[in-house]
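Good morning, and thank you for coming. Please look at the structure first.

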Amino acid sequence: MSKYKVNITGIDTSSLKVLSKSEMDELMKRYKEGDKIAKEKIINGNLKLVLSIINKYNNGKNDMNDLFQIGCVGLIKAVDNFDESYGVMFSTYAVPLILGEVKRYIRDSTSIRVTRSVRDRAYQIMKFRDEYMTIHGIEPSINEILENLEITEYELANAMDSLKEPVSIYEPIYNDGGDTIYLLDQLSDKKEFDKCDDLISLRKALAKLRKREKDILIDRYIVGKTQMELASEMGVSQAQISRIEKNAINNVKKLIR
């Protein structure tokens, strides 16, 4: 059990059984025929799958006993709804359901609250994405999500933003071997732009930037795109976008001075 070192009260995780594929197939067949004991054996034989999923949250911030129980809820749902006609292994089908329950529990436990409608829409999007991945083996595109759920890009972005965990302003976001860039460095201080001359200087500096640098700054800080989105659009790596962005910011600072 060294691979998934998770302490669960009242359970000897090192002795948990792992079912072979043939055992799983036989037990699932018996359960579908009404054998409740077979269902219990399937659940017990997949508890290590739950442990492997919740192990990534074993950071001292979460109660692992609670996460284990929540993960088992997802496992039970997977057992109840699994069908061999899906053409995938049980573990492949179960992982998104277990992970979904765990993430939902963590989101609902956070101190930051979002409106019920936004939260419900986020759950709807996550459910659709999990089901799509189970059937097709890949994530759905943004357009597929919008069309199937009949929502706008704004509603999608707003719902997904509500799932993000808060981070410290001192969170390091980039390091190219030199000075580390922290989140604080990327946040604007509106007080600095209260003075008209500062705003004029900024506009002049932006006008002198190379077009690519200027476009990236606009997309990042006005449009609100992520570095990964820009990298995908431009056909380059995220690291390249980060370097261009950093150089552009440094050039603006120099021009303002």
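Does Ile222 count as buried or exposed? At 68% relative accessibility, Ile222 counts as exposed. By the cut-offs used here, buried means under 20% relative accessible area, exposed means over 50%, and partly exposed lies in between, with a 1.4 Å probe and protein chains only.

A word on the source. This is a predicted model, in which local features need pLDDT of at least 70 and side-chain atom pairs count only at pLDDT 80 or more, while totals for chains, interfaces and linings use all residues. Residues are numbered from 1 along each chain as its sequence is written, and side-chain values use heavy atoms, with hydrogens and water left out.

Ile222 lies in helix H10, residues 211-223. Together with Ile218, Tyr221 and Val223, Ile222 makes a nonpolar surface patch of about 380 Å². Such patches consist of residues with over 30% relative accessible area and no salt bridge; nonpolar side chains (Val, Leu, Ile, Met, Phe, Trp, Tyr) are joined within 5 Å, and like charges within 9 Å.

Let me turn to the whole protein. There are twelve helices and two strands; these are DSSP runs, helices being H or I of at least four residues and strands E of at least two, numbered from the N terminus. In order, the elements run α-α-α-α-α-α-α-α-β-β-α-α-α-α. Of the 257 residues, 32% are buried. The accessible surface comes to about 16800 Å², and 51% of that belongs to carbon and sulfur atoms; areas come from the Shrake-Rupley method with a 1.4 Å probe, and for residues only the protein chains shown count as cover.

How many salt bridges does the structure hold? It holds ten, a salt bridge being a side-chain nitrogen of Lys or Arg within 4 Å of a carboxyl oxygen of Asp or Glu.

Lys39 and Asp80 form one of them, with the closest N and O atoms 2.9 Å apart. Lys39 lies in helix H2 (residues 36-44) and Asp80 in helix H4 (residues 64-81), so this pair ties together parts that are 41 residues apart in sequence. Lys39 is buried at 19%, whereas Asp80 is partly exposed at 35%.

Glu101 and Arg104 also meet in a salt bridge, at 3.2 Å from N to O. Both lie in helix H5 (residues 90-109), three residues apart, about one turn of the helix. Salt bridges that share partners join Lys77, Glu101 and Arg104 into one network.

Thank you; I welcome your questions.
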